[in-house]
Amino acid sequence: MTAIKHALQRDIFTPNDERLLSIVNVCKAGKKKRNCFLCATVTTERPVQVNVVKVKKSDKGDFYKRQTAWALRDLGVVDAKDAVKENPEFDLHFDKVYKWVASSTVEKNTFISCIWKLNQRYLRKKIDFINVSSQLLEESVPSGENQSVAGGDEEAVDEYQELNAREEQDIEIMMEGCEYAISNAEAFAEKLSRELQVLDGANIQSIMASEKQVNILMKLLDEALKEVDQIELKLSSYEEMLQSVKEQMDQISESNHLIHLSNTNNVKLLSEIEFLVNHMDLAKGHIKALQEGDLTSSRGIEACTNAADALLQCMNVALRPGHDMLHAVKQQQQRFSDLREQFARRLASHLNSVFVQQGHDQSSTLAQHSVELTLPNHHPFHRDLLRYAKLMEWLKNTDYGKYEGLTKNYMDYLSRLYEREIKDFFEVAKIKMTGTTREGKKFATLPRKESAVKQETESLHGSSGKLTGSTSSLNKLSVQSSGNRRSQSSSLLDMGNMSASDLDVADRTKFDKIFEQVLSELEPLCLAEQDFISKFFKLQQHQSISGTTTNEAEEMDGGTSSRLYSSGVPQTISSEKDMIRQMMTKIFRCTEPELNNLIALGDKIDSFNSLYMLVKMSHHVWTAQNVDPASFLSTTLGNVLVTVKRNFDKCISNQMKQMDEVKISKKSKVGILPFVAEFEEFAALAESIFKNAERRGDLDKAYIKLIRAVFVSVEKVANESQKTPRDVVMMENFHHIFATLSRLKISCLEAEKKEAKQKYTEHLQSYVIYSLGQPLEKLNHFFEGVEARVAQGIREEEVSYQLAFNKQELRKVIKEYPGKEVKKGLDNLYKKVDKHLCEEENLLQVVWHSMQDEFIRQYKHFEGLIARCYPGSGITMEFTIQDILDYCSSIAQSH
C-alpha cells in the first residue's frame, strides 16, 4: 500500500500541488468488483483546500488516473455502518450517497480517522460521523493547546514528506563529496551518522547558549497572550452590544415588511376597485337612453345604440377570481340584467310595430303598380329599418329568444306583403301576354279586383283547351300544297296584310319582352331583400359559422318556421347562410309557383315560347350563380329552369310525335312536306334566339333529334306516296333540307347536311334514269338485250349473228324513233316531270337539265354499242346530239 501511495503522490497529486494524506482501496457496493482508491488530499498553497479524490487504474495500462474529486466541505455525513463489529462498508454523503466497500476494516478506519482530523484542522464544520467507534474520533482539546495538538496530528498524518529543492541540492553535494556513496551505502550511512551526531551536539550547545533568548521569547509570548485575552474581552463586550442592536434591527426589518405588505395590499385593493368602477359603471345618460330613449328618431336610435353597446361591455367584462362573490358586483350585474331585459322588450315591441306599419304603408302603393309591369320598390322601407341594424346585432348577442321572435314576425308580415305584390305582378304579366289574340280581342289592362283578375286568368289557361289566340304552328300537320297552307293561314288573319309568320314573330317578341321584364323585376327585388336581411339581421351571406350540422333546408312553412325559431340558442341550422336562404324561401314562397304558372301559360300560348324562356332563364340562372350559387334566387331560378327545360323537351317531342302521325293526301302531289317547312321555321327561330346563349348544347341535341325524325318521316311519306313518285318526294324535300342547313350554317348538323345532299343527289339521278326509259322504250329494251348477250359470254362482233339482234332488227327499231318522234317523247316527258314537281322548290330546270345530260349519255352509249357490235354496218341513229340539245331547249322555252 505504501508503494501505491508513493506512486499516486508522484504521478497524480504532485503535478497538481497536492499532498496525499490517506488512502483506502474500495469498490462500489452491490456491483461487480472494480477496485479504485479514495484519497484524502490537501493543497500545498494557501488557503488550504481539502478534497476526497477517486483514483482508478487505467484500462489501457498500469498507470492511474484521476476520475472524480469532491470537496470535503461538501461532505455531510460519514456512515461507518457499525461502531462495534468490524464491517468494511461505509457511506459518504456528498451531493448524493456513495456506498463503498473497503478492502479491509483497518484501511476504512484509518481513512475515516484522517477525514475527522482534516475536518477538525481545516474546516471545523458539522460533519456527522455515525456508527463510528469513539476511539477513532479524538476528543477536542483546549484552545491554548490546539495549535500543538494540530501540529502533532499533522506530523502523525504526514508519513511522507517530499524533499524540497534545497534539500535535494545539499544531498547531491554531499554525495559528490563521497564518491563511494553509491557503491558502499553502509560506509556512506556511517559517515552521515557521525556527521549527524556532531551536528546534534552543536545544536545542543547552540540551544544552551541561546537559553537567555528563549526566556525572553517566552516572556514576550506570555505578554502577547495577555493582550489577546484583553482583546477577546473587548470583542465579547462588543458582541453583546451588537446583539442588542441586531434585535432592534430585526424588529425594524419586520416592521418595514409589514408596512410594505400593507402598502402592497392597498395598491392591489385600489386596482381592483378601479377595475370594477371603470368596467362595471354605466353612465347615467346610457341608463336613461336604455329606459326612455326615443327609438323613432335617428339621434335617439344612435343614443340607444351607444348605450346598448356600453351595457353589453359592462355585462361581458371578464371578472377576476373572487369578484363574483362581492355583493356590490352581484347587485350591479342584476341591475344590468334588468336593464337589458327592459330595453330588449322595448326594442322588440317597437320593431314589431315598425314591421306592421311598414307593411301597411307598402300595401297602399300597390295600386299604382297594378297597370304597369313593375314591382314596388322596398328601398325606403329597408333604409328606415337599417338604422336599427346595430341594435338587432346587440339583441342577437344578448337575448336570442327575442331576436328570433323578431325574425319570425318579420317573415310573417313580409311574406304576406310580397305574396300580394308578386301575385298582382304576375297577373298583370299574364294579361299582357294574352291581351291580344289572333281574332283581335283585347283584354282590359285597367286595375281590377284581385278575384276578377284571377277568374279571367284562369279562364285563359284553364283545362278547356288551347287559348283562342294560340299561335302554335305545330298543332296538327297535314300534307297540303304550299298554296293551300298559305290560304288557310291567311284566313285566320284580321290584321290587314300581315302574314301568319309575321304575327307569330310579333307575338313571340312580345312574349319574350314580357318574360324578360318579369325576370328583370324579380331579380333585383330578391337580391335587395337578401342583402337587407343579411345586413339587418347580421347574418353572413358568404361565410358559414360553427354550429350543429343538419340536413339540407326544407321548404319553409308554418311547421318549419316553428322548428327554426324555438326558444334558446339555435341548433337546427348549420350556418347563417342557411338561415338567410330559409328566410328568403319563406318570404318569397309564392315566387316559384307563380313563375311556373307563367311558364305554363307561355307554353300554352305557343310551344315555341319555351325557346325564349330557356335562353332567358338560363342567362338569369348563370348570372345568379356567379353572384352566389347557394342563394335563394339561384336555387329558385334553377328549379324553374328545370321546368322550362322540360317544356322545351316536350316541345321537341311533340314535333317529333306529330311527324310520326302525319297523313298524306292520295289525290294531290306531295311537294315540300309541312314538317320540313316547320323544321326550317324552327331552326331559323332557334338560331335567332340561341345566338351566343349559355344553353346552346340543349339546342344542338334537339337539332339532332329533330333532323333524324325529319329524315325518317320524309322516307316514310315517300314510301306511302301514291300520287307523287318516291324519288320526287325524297329529292325535293332533301334538297329543301340541304338548302336550309346550308343557309343557317348550323355546325352540329354538318354531317346531316352532307347526308341530305347525298340523298338529294341519289334520288335525282334515280328519278332521271327511271323517267328517261319512257321516250325510247323499244330502243332501250333492244340494247339491254344486246348487253345481256355480251354478259353471257358472246363476243361483241358476233352479236349481230343472233337472230333477235341482227342488223335488220336494229334498223327496224331505229326507224321507229325518228327525230320528230323523239321530240314528241321528250315533250311528254317534260310535261310529266312538270306534273310531278312542285313550284315551291323550283327544281324543274335542274331535273330537265339532268335528264338532257342523261339522254345524251344514253345516246353515246347506244352509238358505242352499235360501233362495237355492228362494225362496218353503217347503221346510225336518225337524230344527233345537237338535235337532242335543240329539242330540249325548244321544249323548255315553250313551257
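Helix α2 (residues 105–123) has 19 residues and spans 26 Å from first to last C-alpha, close to the expected 27 Å at 1.5 Å a residue. That expectation is 1.5 Å times one less than the number of residues. Helices (H or I, at least four residues) and strands (E, at least two) are DSSP runs, numbered from the N terminus. The model is predicted: local features need pLDDT of at least 70 and side-chain atom pairs 80 or more, while totals for chains, interfaces and linings use all residues. Residues are numbered from 1 along each chain as its sequence is written, and side-chain values use heavy atoms, without hydrogens and water.

The buried residues of α2 include F111, I112, I115, W116 and L118. Buried means under 20% relative accessible area, exposed over 50%, partly exposed in between (1.4 Å probe, protein chains only). Just after α2, R124 has a positive phi of about 55 degrees.

**The sheet**

Eight strands form an open, mixed sheet, ordered β4-β3-β2-β1-β7-β6-β5-β8. Its edge strands, β4 (64–71) and β8 (128–130), each pair on one side only. Pairing requires at least two DSSP bridges between two strands. Strand β1 (residues 18–28) runs antiparallel to β2 over eight bridges. E18 has T43 in β2 as its bridge partner. Helix α1 (residues 2–13) packs on the sheet, touching β1, β2, β3 (50–57) and β4, at about 115 degrees to β1. α2 also packs on the sheet, at about 140 degrees to β1. Contact means heavy atoms within 4.5 Å. Axes are lines fitted to C-alpha atoms, for helices over the stretch in contact; angles run from 0 to 180 degrees between N-to-C directions.

**Aromatic pairs**

The structure holds 29 aromatic pairs. Rings of Phe, Tyr and Trp (its six-membered ring) pair with centres within 6.5 Å; planes under 30 degrees apart are stacked, over 60 edge-to-face, the rest tilted.

| Pair | Centre distance | Plane angle | Type |
|---|---|---|---|
| F648 and F690 | 6.3 Å | 50 degrees | tilted |
| F679 and Y703 | 6.5 Å | 70 degrees | edge-to-face |

F648 lies in helix α20 and F690 in the loop between α21 and α22, so this pair ties together parts 42 residues apart in sequence. F679 lies in α21 and Y703 in α22, so their pair ties together parts 24 residues apart. F648 and F690 are buried; F679 and Y703 are buried too.

**Confidence**

Mean pLDDT, the predictor's confidence in each residue from 0 to 100, is 76 for the protein. Helix α14 (residues 482–491) has the lowest mean among the elements, 34. Over residues 436–500 the pLDDT is below 50. Where pLDDT is low, the predicted coordinates should not be read in detail.
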